[in-house]
Amino acid sequence: MLMKAAAQSLTEQLASHFAERIRSRLLAGGARLPSVRQCAQQHQVSASTVVAAYDRLLALGLVEARKNRGFYVRETAPAQDVLARAATHSGANDGPPRRPIDATALMRGMFQGDSDKPQPGMGVLPPDWLENSFMPAAVRRVAAGTADFSRRYGDPAGDPGLRQSLSKKLAGLHVHAGPEQIITTVGATHALDIASRTLLRTGDYVMVEEPGWAVEFARLEAMGMRILPVPRHADGPDLEVMARYCEAHSPKLFVSVSVLHNPTGFSLTPGSAHRVLTLANAHNFYILEDDTYSHLAPEHATRLCVLDGLQRTLYASGFSKILAPGWRVGFLAAPLALVERLTDTKLLATLTTPALLEKALAWCIDQGQLRRHSERVRERLDQARARSTKLALAAGCSFASEPAGLFGWVDTGVDTDALAQRMLDEGYMLAPGALFHANRQPSSLMRINFANAQDAAFWKVFMRVRDGA
């Protein structure tokens, strides 16, 4: 039986439970572990605790994940040998070592929808915020029309009507990109991936803002890139650090979140933007501007691609954050000279993108539905930010940056890696500060989602766990 008062966390106890069963051959090679939902019910723990425990077993090489099928005991190595190696590395034999929450664990947590508790560490808006009637109506409207598009592959660059709508929408942000400069993608992350795979080769140096999006660090590392972390300040990236990197490593790309930076909420100033572009021109590197949170930001916010005119910049954004995570529609606006290469990269990965959803999204944009929906969400987020900020301050936390946008960068005063493990046992997933650095290091900071952090019950549990640690 798992016990909250034990020296080990529930995650550690659960991982140890399965490790012992594998070692004693009660779970043979090829045996399937219970699903996350089943395991959570059986042991009366949260789904997040199960996900973290299974991640530990994966790290030890005891189990393997099979796509769309679950977790299975590995058959490639004797369980005793694996455990012996783990004990040697950890310096103990009392079960799997503590493993911090990483980018993939945080992402897995996003897909566990059976918790009734708000999750301050998540990066998405609450589902009820995204409810609307215009999206289903748009899909029905498109499906009821001519169905020719559904019987053949669409335009490799994306639906022409959507690209036209996106061109007009970008013009409202003073981003001048013709439809021929736009490629649709399966979400903003796919847009970033297409740009990276087109412009980079294994071993290339890439500058990325730090703190920064954990998934971006993980994605680039998985591609074999060499990451150069650039400190992010309130006005923009550290130009002196960037200049030194340019002299020493000749980086090929700089990835930046100019507006409502994740996790700090900072937005770029015009002066800093001008200096970044001057550096890019002098040292011949491209800038990949991630504007995922554009729908939550003021239109007048400074964007690099506006000043540059899409010459050395590529602009990526999407609609999953503001409309529906399941729609997975994004896009990339780029210099015309790169469009053919970018389209080829997209073709090799996905052939094309779903025309039905793209046509429906174009209708939502053209009818003003997206704009009005975004305005409602921004108003609601402003109220949630005020409440969450008040609760965080009352809990004895402070803000490392001025609260803005969706995320708050909060100083807790304790090691948030350890705190996050204990909060998992309570059913809450946090986003510890170490997660947002290229090389993990102890941090007292954590990122909160203002929309999901306005529950007083969470902050009561937070204080109890923090002060009892």
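The legends below describe close-up views of a predicted model.

**View 1. An open sheet of seven strands with mixed pairing.** The strands follow the order β3-β9-β8-β7-β6-β4-β5. At the edges stand β3 (182–185) and β5 (226–231); each has a single partner strand, so one side of each is left without a neighbour in the sheet. From one strand to the next, the twist averages 20 degrees.

**View 2. The parallel pair β4 and β5.** Strand β4 covers residues 205–210 and is joined to β5 by six bridges. Glutamate 209 has valine 230 of β5 as its bridge partner.

**View 3. Helix α7 packed on the seven-stranded sheet.** Helix α7 spans residues 160–171 and touches β3, β8 (313–318) and β9 (330–333). The direction of α7 makes about 115 degrees with that of β3.

**View 4. The largest cavity and its lining.** The whole structure holds four cavities of 30 Å³ or more, and the largest cavity contains about 100 Å³ of space. The lining of this cavity consists of Leu192, Val208, Glu209, Gly212, Trp213, Glu216, Val255, Ser256, Val257, His261, Asn262 and Asp290. Strands β4 and β6 (253–256) each supply at least two of the lining residues. By class, the lining has five nonpolar, four polar and three charged residues. Glu209, one of the lining residues, is also the bridge partner of valine 230 in β5.

**View 5. The crossing of helices α8 and α9.** The axes of α8 (residues 188–199) and α9 (residues 214–222) come within 11 Å, with a crossing angle of roughly 35 degrees. The crossing is right-handed. On the α8 side the contact is made by Leu192, Asp193 and Ser196, and on the α9 side by Glu216, Arg219 and Leu220. Two of the contact residues are nonpolar, one is polar and three are charged. Leu192 and Glu216 take part in this contact and are also among the residues that line the largest cavity.

**View 6. An open sheet of four strands with antiparallel pairing.** The order of the strands is β10-β11-β13-β12. Strands β10 (398–399) and β12 (431–432) are the edge strands, and each pairs on one side only. Two bridges connect β12 with strand β13 (residues 445–449) in the antiparallel sense. Proline 432 has methionine 446 of β13 as its bridge partner.

Methods:
Residues numbered from 1 in each chain as written. Predicted model: local features only at pLDDT ≥ 70, side-chain atom pairs only at ≥ 80, totals over all residues. Heavy atoms only, no water. Pairing = 2+ DSSP bridges. Axes fitted to C-alpha atoms, helices over the stretch in contact; angles between N-to-C directions. Contact = heavy atoms within 4.5 Å. 1 Å grid on protein atoms, 1.4 Å probe; cavity = no way out; pocket = protein on both sides within 12 Å on 5 of 7 lines; lining within 4 Å. Points joined across faces, edges and corners; volume = space filled by probe spheres on them. Nonpolar A, V, L, I, M, F, W, Y, C, P; charged D, E, K, R; others polar. Left-handed = near helix turned anticlockwise from the far one by under 90°.
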